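Let us take a walk through this model together, one region at a time.

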Amino acid sequence: MIHAAHDDHGHGPHAHGDPEPAPGESIADRTYVPAVLRGIKLTLARFLQKKFTVEYPEESVYDASYADRGIGASNPRHRGEHILVKDEQGREKCVACLLCMAACPALCIHIEPEPAPAEWTDRERRPKVFEIDMLRCIYCGYCEEACPCDAIRLTPKFYQPTTSRTERVYDKQRLLENNPDAQVPQRPRK
Amino acid sequence: MTDTEHDFTFAIDGKSIPARKGDTILKAGLRAGVFIPHYCWHPGLTVAGNCRICLVHATKTMPPGKPVIACATQAVEGMEVESDGPRTKALREGVMEFLLVNHPLDCPVCDQAGECDLQQYSFDYGRATSRFHEPKTQRPRKDLGPLIRFVGNRCIVCTRCVRFCEEVAGTGELGVVGRGAMSWIDTFPGVQLDNPLSGCVADLCPVGALLDRDSMHTTRVWLLRGTESACGRCATGCNINVETWNDQVRRLTPRENQAVNRWWMCDEGRLSYKEAQAPTRVRRARVDGREASFLDALTRATDEVRKAQGGVVALTTGFATNEELFTLKALVGKGPIAVAYAPDGSTFKARDGFEISRDKNPNRKGVEAVLGATDAGEAAVIAALEAGKVGLAIVHDGVPGGAPWSPTLLAALKKAAALLVLAHDDVPGAPAATVLLPAMHWTEKEGTVVNGGGRVQRLRAAVPPTGDARVDLEVLQELARAAALQPRVLSAAGVFRKLAAAAPLSFDGMDYNGLGALGVPLGEGRAARPASNGRALPVVDARTGYEAGPVSRAPGRAGDEQVRVSVHRESAVGYGTPRGDL
Amino acid sequence: MATALPTAEPTVVERSFSPAAEAELQAIVKKYPEKRAALLPALRICEREFGCVDHGGMKLVAEKLDLTPAYVLGTVSFYTHFRRPSDGTFVIEVCRTLPCALRGADDFAKHVSRKLGIQPGETTKDGRFTLKNAECMAACDKAPVAQVNGYNWELLDPKTFDELLDQLMKDPGSFNLRKGCKDPYPWTQPAEPTAQRTKPEGERDYEHEALTHEPQLLRRCYKGRPATYAEYVADGGYKGSKAAVAIPPAKVTEMVKDSGLRGRGGAGFLTGMKWGFIPSTEQVPGNRYLVINADESEPGTFKDRKLMEDDPHLLLEGIVIASHAIGANDAYIYIRGEMVYGAEVLEQAIAEAYKNGVFGPDALGFGKRLDCVVHRGAGAYICGEETALLSSLEGGRGYPRLKPPFPAIKGAWGQPTIVNNVETIANLPYMFGAFGKSLDWYKGLGTPGLAPGVDPKWPRGRLGSRGPKVWCVSGHVNRPGLYDVPFGLSLKQLIMDPRYCGGIRDGRKLKGIVPGGSSFQVLKADEVDVALCYDAIADAGSSVGSAAIFVFDDSTCMVNALWNVLRFYAHESCGQCTPCREGSGWMERIVARIEQGMGTMEDLATIDAIADQACGKTICVFAEAFSWPAQSYIKQFKDEFVAHIKQRRCPQGGRLCAPSTTARPKA
């Protein structure tokens, strides 16, 4: 029994002879009816209200129509799927230094370097194989921090579920480079 | 002189260091386990003294108070050297800063990353920040030879490569050209760097200026797992590391063994791992000409050996390990064995005693020691075959490219009731085998071989056999058990034990695990202790599985944290800890 | 396997020597104990035979001398003074080092470039002229200086250069390139022979001694041609060597020690003590060698050139005495490659000497042979360092060697060797009776060091300065040139007195003086009233060095001057050891930035740090050579450096100094 924390000046429950029942002990309370009615009222009200639910994965989490609910505005710092960044000539910036592979705590990156084509006079190597197992990845962003070339970035793109594990091994840089939904955050140039 | 004999003592950082007459501070210090950084000094080359990273403060020098380079300063009785103190720290920081001034920020694309002395000493002794805000000098980048690429910007002009080509290889293809900060290494136009040991300059180069083109841009050093083995390209049997990644051999590098290959290995041996990856490799077993699973083929082979009931002949090569030879000998019993040797090839004698053997069979001496035969028993085998008494002929041909069997021998094989062939490569002209099994390359085998100098050395398997195959020794052992010659299939260690016990062979007294990393000469099994080359146990970073290269390369540096490693007793013996010490 | 990099390799033309050249090469090889030592001379033969040193010539020389082609290539690429295949008929090298720059060499170089229509490093399209920037030609008092095919052309200005060029274009074949040397400032008389003493009797009056001193070392110079053997003997020459040869070698060394002679090449080490380090033949059997360091490359120094070109026999007589003292039978004169005329003069004089028995099978008496060989360098300042000189002499890149072992124990070809400067050796005849002089006379000249009886702790301590001395003055004085005055005269007086240099040009004020060559510290105007001797100048914070005094007037930008000096050192660093190879270029780039207005205050601290991290940590003292001027100029003229940094520009607009307004003498 909870007693109200105030001085009831003699008007409280046990002040007079015939006391009011304590909360939760009145007939109404004991039959649960008013409470149930209150609940149904709430349910019906909500039933007719606009929903928060995002029908993921058919709907994107970052649909702007949900902005008024306080969700959905893409947080540019959210660490989602990776992209391999391209330079002005459309080549991947990655020089296959394997630092991201070494930094990854989950050991989910697999890279095999190869010598760059002879026409690429500004760099010596590039990745022959670049695979990230997106299921093992913990999206910590260490690879992005380790990269000396700004070649790998985590975009806020929420992952799209697949039906098999192998689909979630993003193989070959091509797949990683094609992320049209990716909102690549702009970095200010010094 | 053994390790403990010395002529006098001096002190480094208060620790007493035994030294022999004529020792420099650096040499005596390294021998005693005190590490002093160095770039241009190498135990196999003359002293240059130009990198200055080994500067230390020492007493009894002239003029007093001036720092001296440890690699060129003779130690004297009672000298006190400061190598781990604030003054020496400042010296090293200074030299490191100078080295990094014009050095490009190439670590992400430089293959030396992970085994680069510049990186290591920068981490250990360098400044954290740079004060250099100027444009850096640019120097040429070119291929000096078929195996070596030179990246001029990274060169610190330590001249190890120049001295190597002059003093060891004797060919002198390299020279320092230019002057001052615009100095770099170059060859004369038209004279490439192509001496038989040219790959060693890439090993020697402390930074990523000279790179091995074969393994360039294909992997990272910290991903490589090294296995100590012996090269099978010729009878020299250089001690090497077989470095693999994802169960594929990526490169071979030499290990130091003063009795065999000093610190070097030749280019042919360096590239010989490619033999195991050749497209002509036999990969699938075949029974009666049709592909079959290995197990099926092995079962058929054991059936044939049981049927043969002792009428077995064998053909083998100078590439078989001692254990395989011993098992073959048991299999044929009183029957003949023919041995085909690969023909002689090119030889080369370096100026410091290193020699590429003309004999391209890694285990000819082993054949002589195990089989007791110095001549091929080809005639006896042909005779047995012609007489029709052969139930099973075993051809064990582990030679990459095939051994030079004589055509008459190959023709006579048709007379065998059954023919079991273990082949490394498809041998054209060989008759159709009843069972064909893949034979393993020496990078894939466990066993021992005897090099041209009579030294018994361990081969260690660096990669597992491909597919469902098993190593040759297992196959032969299965056959031996099937022929009721022994109750159990033995490992290489087990076979070696039997081999060593079979006196009066020269393996008497040798212990398989006791052969260590450096091998034991024939006939010295009783006397020799396993020689340790001073290497620490390779410390594997358990978290990542990467081999922590620099930690294991530099013995006993001050400041090393305690690393606790648990090893099996047998492995510990293999690394040079005598049994009694455990 | 990574695909090969495309490389454009030059084609190697096969070459062979004519029979005459072959014979010459064989004759040269015989003069050295090892074949390899003939490398530099062999390359000079290539230069002559094929017109340049190209890959074909290098390959040929490699074959002839049992060397690898890469070794020869490394050697050729180290030196600057070999003719390259791209060089034109006339190679014009304009000196840009500080003493010349102080006299307008930069403007002159611009004029030359404009006139020829090419930039330094390029060749004219018709292949006639190649223009190169070069370093100090040892003719600093006659700046601006250029070399044409190795012969000096001095006191140049745009007009005289244009005339020269016209002659070269009109009549290249018959033009005498040797006519370019000038003698505008001969010093053959005492400054004031009748000067009176100003100090009381019994006290040394150095000023009086200097004013009345008869030039000794320069006595036979300034004739416009070398003094002949006959002239030299008539003057009293070769009396010293004849006398010395009759004295036991140990006694000769003692006498030289007693004389107090100190090395004149820059280090100032007691010569007699150095000779005393030569071990006995029981300790170290085999040959001993005397090597003369005639690689005069320290900017501001030009005394050895004069002595060799005008009075070669003085050097040769000294060689006889020194060889006798140390037991050498072979003397090699390593003369810098740029001194083409000097080498010719020496060869002639040596031939004369051989004819007259000065050298030859019995030159030292008792059947002891003495042979003298001129070995030409090929353009490298570092070859003035004794061990680098030995490396170059033995045939190869001029890399200094680790010391210990010192050359006196293990020098040329592993044998005990003494390396002495030209002027040092030229001092010797006077001690043994040449020209009517004596050891007592010699000791009477100069300033004393420690009080007698006090033992110096370190050989470079306060040991006094003895004997005659030639001082080289260049820069902003009215009368630059060589001054044969003994030690003790005030530096300020030497510069300001009208009987000597006559003060600062154009009526300007003195700003600073470097007394010993570009490797040493600068003294400010208020610090220069100091006696010209080793001890006093060391106390003042600098050094006598090679006695190369250059003078800055108040129009000089010290930052620009330092940049000039550091450009020299960055170019001349041999590159063997890390601190110097990287530090010299780094320091040069920092000062370049400061001069161009892009410096910061941290840069000054960085320069100090570079100097600290390099000095004492290198194989030779080149690190000190570029660190001392840097630290000194910054310390002495800090406000100028700070002004460049704070104002973000050179307050003088990037000029080193104001051009001269007074006319220069013609001849």
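Chain A is split into two domains, with domain 1 covering residues 22–49 and domain 2 covering residues 82–182. This is a predicted model, and in it the C-alpha centres of domain 1 of chain A and domain 2 of chain A are 56 Å apart. If you colour chain A by these bounds, you can follow both domains as you read on.

Now turn to the place where chain A meets chain B. How many residues does each chain bring to the contact? Chain B supplies 15 residues and chain A supplies 16 residues. The size of an interface is often given as the accessible area lost when the parts come together. Here the area buried between chain B and chain A comes to about 1400 Å², and carbon and sulfur atoms account for 59% of that. On the chain B side, the residues that lose the most area to chain A are B:Pro108, B:Val109 and B:His217, which together make up 37% of what that side buries.

One pair to look for is B:Arg141 with A:Glu124, a salt bridge whose closest N and O atoms are 3.8 Å apart. That pair counts as a salt bridge because the cut-off is 4 Å between a side-chain nitrogen of Lys or Arg and a carboxyl oxygen of Asp or Glu. The two chains also share 6 residue pairs in polar contact, counting pairs with both residues at pLDDT 80 or more. Sorted by class, the side of chain B that touches chain A holds 7 nonpolar, 4 polar and 4 charged residues.

The model has 10 cavities of 30 Å³ or more. The largest cavity has a volume of about 90 Å³. Its lining consists of 15 residues, and those nearest the centre are A:Cys94, A:Cys97, A:Cys100, A:Cys147 and A:Ala151. What classes of residue form that lining? There are 15 nonpolar residues, with no polar and no charged ones.

The second largest cavity has a volume of about 80 Å³. It is lined by 13 residues, with B:Gly232, B:Phe319, B:Pro362, B:Trp442 and B:Leu459 closest to its centre. The lining of the second largest cavity divides into 9 nonpolar, 3 polar and 1 charged.

Key:
Residues numbered from 1 in each chain as written. Chains lettered and ligands numbered in written order. Predicted model: local features only at pLDDT ≥ 70, side-chain atom pairs only at ≥ 80, totals over all residues. Heavy atoms only, no water. Contact = heavy atoms within 4.5 Å. Buried area = accessible area lost by both parts, 1.4 Å probe. Polar contact = N/O pair within 3.5 Å; in protein donor to acceptor, adjacent residues only side chain to side chain. Nonpolar A, V, L, I, M, F, W, Y, C, P; charged D, E, K, R; others polar. 1 Å grid on protein atoms, 1.4 Å probe; cavity = no way out; pocket = protein on both sides within 12 Å on 5 of 7 lines; lining within 4 Å. Points joined across faces, edges and corners; volume = space filled by probe spheres on them. Domains from an automatic or database assignment.
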